[in-house]
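Take a look at the structure below.

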Amino acid sequence: MKISSECVSCVISSCFDLMAKQLPEKLHKTAAAEMLKIASSQDWQESPPEFARKLYTFLRDSGGKADSFAEAKKQSTLLALELMPRMRNIIAQADYEFAAVVKAVIGGNIIDCGINRDMELDSVIPQLKDVFDMFLDEKLIRSFEERFFQAGTLFYMLDNCGEAVFDRLLIERFPGKVILGVRGDFILNDITRHELEDSGLGGYEFVDTGDATPGVALKRAKKEFLEAMQSCDMVIAKGQGNFETLDLYCRPIVHLLRVKCPAVARTLNMPRHSLALVMRNFQQ
């Protein structure tokens with residue numbers, strides 16, 4: 001998905017908010033000038049997450065390369081772990097269990113410090129409960145379910161911390177081999193190898209992108225990552241950043257995400273805040 005001027009404006013606004021929180025005031029003018037310089041040289045053939053990587057990593061490195069989202073990642077993971085028993089109980093009582101699992105997994109995608117820059121964890125709880133009553137085409141879910149249980153190997157591209165805890169609801173149902181994908185370096189609240197154990201995913205094989213893009217930049221991802229993804233029968237890509245960057249991926253892929261911004265809403269022809277299940281490159 002190519003970046004638009006609307007995406008540039010959104011990312012810059014988010015970065016200026018982060019700058020005010022992460023950098024001392026004496027550095028603001030210099031940092032702002034550099035971010036605008038980076039933005040002015042934007043390659044319009046790139047995706048929004050590839051553009052975001054340049055600005056977010058600049059801010060990260062300007063702050064001393066510390067993971068400023070470490071506490072947010074920890075707290076969102078703890079909250080998700082606390083909520084998991086309730087989610088499992090709702091799923092167990094659902095008329096169509098697999099549909100409830102898919103909705104719960106997509107629902108976890110609201111834990112996003114990139115789009116939801118002022119996210120309060122307390123606000124996540126009612127939104128997660130509401131997701132079970134939201135629309136998601138049942139025919140599409142059944143098609144996904146059929147292919148899910150037919151596949152022998154699965155590459156599951158994770159997105160954010162906290163959200164990754166709920167991904168277990170789907171991953172643990174897969175009957176074959178699972179390989180997890182994570183970010184290669186910390187960026188926003190995206191999950192890296194360092195948060196897998198705390199998320200309850202420490203027992204799975206994983207590979208990282210080798211990159212800090214808040215998505216999967218195919219031209220930047222390391223060879224090992226690409227080979228692992230291409231070796232699997234099916235890819236599940238969680239979240240909007242993975243959707244925006246994997247639109248040209250040529251093997252069977254399923255996108256599970258919340259539609260969070262106008263650009264993605266237009267691309268999918270869906271309302272903002274809706275649940276999206278997108279399947280591509282599957283034989284009819």
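Met87, Ile91 and Ala92 in α4 touch Glu97, Ala100, Val101 and Ala104 in α5, where contact means heavy atoms within 4.5 Å. α4 covers residues 70–92 and α5 residues 97–107, and the two pack at an angle of about 150° with their axes 8 Å apart. That makes α4 roughly antiparallel to α5.

The model is predicted, so local features need pLDDT of at least 70 and side-chain atom pairs count only at pLDDT 80 or more, while totals for chains, interfaces and linings use all residues. Residues are numbered from 1 along each chain as its sequence is written, and side-chain values use heavy atoms, with hydrogens and water left out.

Helices (H or I, at least four residues) and strands (E, at least two) are DSSP runs, numbered from the N terminus. Axes are lines fitted to C-alpha atoms, for helices over the stretch in contact, and angles run from 0 to 180 degrees between N-to-C directions. Under 35 degrees is roughly parallel, over 145 roughly antiparallel, 65 to 115 roughly perpendicular, and the rest oblique. Nonpolar covers Ala, Val, Leu, Ile, Met, Phe, Trp, Tyr, Cys and Pro, charged covers Asp, Glu, Lys and Arg, and the others, Gly among them, are polar.

How do α5 and α7 meet? Their axes come within 10 Å and cross at roughly 95°, so the two helices are roughly perpendicular to each other. Phe98, Ala99 and Val102 of α5 meet Ile141, Phe144, Glu145, Phe148 and Phe149 of α7. Sorted by class, that is seven nonpolar, no polar and one charged.

Now for the rings, which pair if the centres of Phe, Tyr or Trp rings (for Trp, the six-membered one) lie within 6.5 Å; planes under 30 degrees apart are stacked, over 60 edge-to-face and the rest tilted. The count comes to seven aromatic pairs, including these two:

| Pair | Centres apart | Planes | Kind |
|---|---|---|---|
| Phe98 and Phe144 | 5.6 Å | 55° | tilted |
| Phe144 and Phe148 | 5.8 Å | 70° | edge-to-face |

Phe98 in α5 and Phe144 in α7 (residues 138–150) are 46 residues apart, so their pair links distant parts of the chain. Phe144 and Phe148, four residues apart in α7, are separated by about one helical turn. Phe98, Phe144, Phe148, Phe149 and Phe174 form one aromatic cluster.

Is Phe144 buried or exposed? Phe144 is buried, with a relative accessible area of 0% (buried is under 20%, exposed over 50%, partly exposed in between, using a 1.4 Å probe and protein chains only). Phe144 is also among the residues with the most contacts inside the largest nonpolar core, which has 50 residues. A core here is a set of buried Ala, Val, Leu, Ile, Met, Phe, Trp, Tyr and Cys residues joined through side-chain atoms within 4.5 Å.

Lastly, the backbone. Most residues other than glycine have a negative phi, and most peptide bonds are trans. Leu188 has a positive phi of about 50° and is buried at 8% relative accessible area. Asn269 has a phi near 55° but is exposed, at 71%.
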